[in-house]
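Colleague: I would like to go through this structure feature by feature. Please give the general idea where there is one, and then the case at hand.

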Amino acid sequence: MSASDTVRPMPTGAHADRLLADAARAADGARARLTGALNDLFRTPEYRLSDRDHATMTRMLAVLVDTIEHDLRAHLIGLPPISNSVELKDEFTDRDFPIAGPRLGRSRVMRDADLAVQLLRHCDEHHIGRALRAAYRRGEAAAGGLMERLTSHDDTAIADAAAALLVAESRRWDRFGDPVLNRADLPIELQHRMTWWIAAALRDHMLHEHEIDPAAADRALVTAVTAVMAGYDERETVDARAHELALRLARAESLDDTLLVALLYEGQLSVWVAGLAVRALLDTAAVWTMLADADVSRLTLLLRSIGMERHIALGLLAGLFAARTGSGAVNDRQLARAATAFDDLSIDQARAAIRAWGVDDHYRRAIAGLDAGGDGRA
């Protein structure tokens, strides 16, 4: 506890309950630490998070939880029972008094695969994009020059879509240039789950620290969550804006290999991924996973399937390697395999190979789950 922490009196009888709860958490924490150590000890090195990525994802998650929590608290302070309690109202208006974050951090409720996907993707996007911009400075064309030119395009639909994307992307970084995962950019199902997780943590505080009637707390929280979720517009997400721009460029027959290379080298990954997805008839989530792969075999198949010129595709893959990991024998071997794939595979063969990636992700998971459970069926 720091000198700036505010000591808030506990209700009578709460001390013993809290001590028992803390002891139970400590015992569970010891088991969790052992499980984490075993997981880290035997995890394959290429799938282990680097310290940099771990720090980036942890910070993004903390900011995301804090933002959703304070959006909820802003609605709650005007509702009973919070509005009827001076102490609760003071706590809910104090930005430096965390409530939900510490509770969720001690629980396992946020061990959500979809949340991890979003954090990992935004982490990859930030570091790969920054590395590309640093490695391929091109005078006036660098640092977003192409996107700025697109905002002045003769086709007003393209210009408007490019401007909307730049506005959406401006929310992706804080004032220090660090990546931010915004609530508005979460898939609606995940945003819904996270908002309720945080509401449950606020409820726990209200019931156990202030002995608020559960029914009264639930009424206020349902109202607040409904108000927060009402502001969601999936058309405002970066993915939606990038997809709209890629579609506009494709309709204008401008989404060619040269433009895709320029977008990549400027680190404009959201519209680059959207462009590949539009040309390959895939969803953007599938293309993002290919970009993040340490092995570029899937990305190679994708580039072949859209008919990208061999020398352009190999140069693009080499550029990705150079930006992410630098030169090396492993990269050279992968590029050699990619070159062989372009020589040996037809476009139709590559399209057939990636066909399964074009189906809905939930459908793909269901197929995999049925196949995994199929042994022993009559």
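Predicted model: local features only at pLDDT ≥ 70, side-chain atom pairs only at ≥ 80, totals over all residues.

Colleague: How many helices and strands does the chain have?

Modeller: There are 18 helices and 0 strands. Of the 378 residues, 39% are buried. Among contacts with a separation of 6 or more, 73% join residues 24 or more positions apart. The accessible surface is about 20,500 Å², and carbon and sulfur atoms hold 55% of that.

Colleague: What span should α5 have, and what span does it have?

Modeller: An α-helix makes a turn every 3.6 residues, so residues three or four places apart point the same way. For the length, count 1.5 Å a residue: the 23 residues of α5 should span 33 Å, and the C-alpha atoms at its ends are 32 Å apart, which agrees. At the start of this helix, a side-chain oxygen of Asp-112 comes to within 2.9 Å of the backbone nitrogen of Asp-114.

Colleague: Is His-122 buried or exposed?

Modeller: The cut-off for buried is under 20% relative accessible area. His-122 has 4%, so it is buried. This residue sits in α5. Leaving aside residues up to four places away in sequence, His-122 touches Met-60, Arg-172, Val-180 and Leu-181.

Colleague: Where does Ser-107 lie, and what does its side chain reach?

Modeller: Ser-107 is in the loop between α4 (100–106) and α5 (113–135). Its side chain reaches the backbone oxygen of Leu-104 at 2.9 Å. With a relative accessible area of 31%, Ser-107 is partly exposed. Ala-201 is 94 residues away along the chain, yet the two C-alpha atoms are separated by 9.9 Å.

Colleague: Which backbone angles should I look at?

Modeller: Most residues other than glycine have a negative phi, and most peptide bonds are trans. The bond joining Pro-80 and Pro-81 is cis, with omega about 10°. Pro-81 belongs to the loop between α2 (51–76) and α3 (86–93).

Colleague: What is phi for Leu-281?

Modeller: Phi of Leu-281 is near 60°, again a positive value in a residue other than glycine. Leu-281 lies in the loop between α12 (269–280) and α13 (284–292). At 72% relative accessibility, Leu-281 counts as exposed.

Terms used: Residues numbered from 1 in each chain as written. Heavy atoms only, no water. Helix = DSSP H or I, 4+ residues; strand = E, 2+ residues; numbered from the N terminus. Buried < 20%, exposed > 50% of the residue type's maximum accessible area, 1.4 Å probe, protein only. Contact = heavy atoms within 4.5 Å. Areas by Shrake-Rupley, 256 points an atom, 1.4 Å probe, with all protein chains shown as cover. Polar contact = N/O pair within 3.5 Å; in protein donor to acceptor, adjacent residues only side chain to side chain. Expected span 1.5 Å × (residues − 1).
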